[in-house]
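Thanks for coming, everyone. Please bring the sequence and the model up on your screens. I'll keep this brisk.

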Amino acid sequence: MTASPDLRNVRTAAPELLRSVFRQHAAGVAVITAAGARPAGFTATSLNSVAAEPPLVSFGVGTSSSSWPVVEEAEHVGVHILGEDQQELAATFARSGADRFGPSTDWRSGPEGVPLLGGVVAWLVCRVVARIPAGDHRIVIAEVVAGDPSEGGRPLVYHQGRFTALRD
């Protein structure tokens, strides 16, 4: 099914319009982590590569999320690319009130004290360089300082409101 150019179906801008359109957009799934009094983390589909020189990434985080106070103060964050078999991990880090770093989560302290998740497709540790206000979110820009792409594998994707795998 494709969108019709029929202007009779045009809706005015609203949060639900944005959500409806972006349900059609497939996005890779990442988990962002940060160290604080307790480790914090959340599932993100807004991860982007910003620049190669210097190596920069960006992601959005809601200011009402439980992770925001830790990310707001963190000097470094962890960026984890999830594999297609990590739907439960993605759901845990997306669920409000979940024990994200409990016994069922494989993690350790990595460079700069950043919580690193085990078994992911790839990970980065990044130094936060900017937090830019954007509505009810902040866009975080961070410079890569360390990482490991060696796990490899097929990425987890978010589409139509659910976690899924790529199809060949």
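Let me start with a definition: a residue is buried under 20% relative accessible area, exposed over 50%, and partly exposed in between, using a 1.4 Å probe and protein chains only. Arg23 has a relative accessible area of 34%, so Arg23 is partly exposed. Keep those cut-offs in mind.

Now the ground rules. This is a predicted model: local features need pLDDT of at least 70, side-chain atom pairs count only at pLDDT 80 or more, and totals for chains, interfaces and linings use all residues. Residues are numbered from 1 along each chain as its sequence is written, and side-chain values use heavy atoms, with hydrogens and water left out.

Back to Arg23. Where does Arg23 sit? In the loop between helix 1 and strand 1. Helices (H or I, at least four residues) and strands (E, at least two) are DSSP runs, numbered from the N terminus. What does Arg23 touch? Not counting residues up to four places away in sequence, Arg23 touches Glu16, His159, Gln160 and Gly161. Contact here means heavy atoms within 4.5 Å. Look also at Arg162. Arg23 and Arg162 are 139 residues apart in sequence, yet their C-alpha atoms are 9.1 Å apart in space.

That takes us to the sheet. Strands of a sheet pair through backbone hydrogen bonds, either parallel or antiparallel. Here, 3 strands make an open sheet, in the order 1-11-12, with antiparallel pairing. At the edges are strand 1 (27-28) and strand 12 (162-165), each pairing on one side only. Two strands count as paired if DSSP finds at least two bridges between them. Strand 11, residues 156-159, pairs with strand 12 over 4 bridges. His159 stands opposite Arg162 in strand 12.

What lies across strand 11 and strand 12? Helix 3, residues 87-94. Helix 3 runs at about 155° to strand 12. For that angle, axes are lines fitted to C-alpha atoms, for helices over the stretch in contact, and angles run from 0 to 180 degrees between N-to-C directions.

Next, salt bridges. One is a side-chain nitrogen of Lys or Arg within 4 Å of a carboxyl oxygen of Asp or Glu. How many does a search of the whole structure find? It finds 3.

Take Glu84 and Arg154. Their closest N and O atoms are 3.3 Å apart. Glu84 is in the loop between strand 6 (76-81) and helix 3, Arg154 is in the loop between strand 10 (137-148) and strand 11, and the two are 70 residues apart. Glu84 counts as partly exposed because its relative accessibility is 30%. Arg154, at 32%, is partly exposed too.

Then Glu88 and Arg95. Their salt bridge is 3.4 Å, N to O. Is Glu88 buried or exposed? Exposed, because its relative accessible area is 54%. Arg95 is at 40%, so Arg95 counts as partly exposed.

Last, Arg127 and Glu143. Their closest N and O atoms are 2.8 Å apart. Arg127 is in strand 9 (residues 122-134), Glu143 is in strand 10, and 16 residues separate them. Arg127 has a relative accessible area of 36%, so Arg127 is partly exposed. Glu143, with 22%, is partly exposed as well.

One more stop: helix 1, residues 15-22, where Leu18 lies. Why does Leu18 count as exposed? Because its relative accessibility is 54%.

That's my tour. Questions, please.
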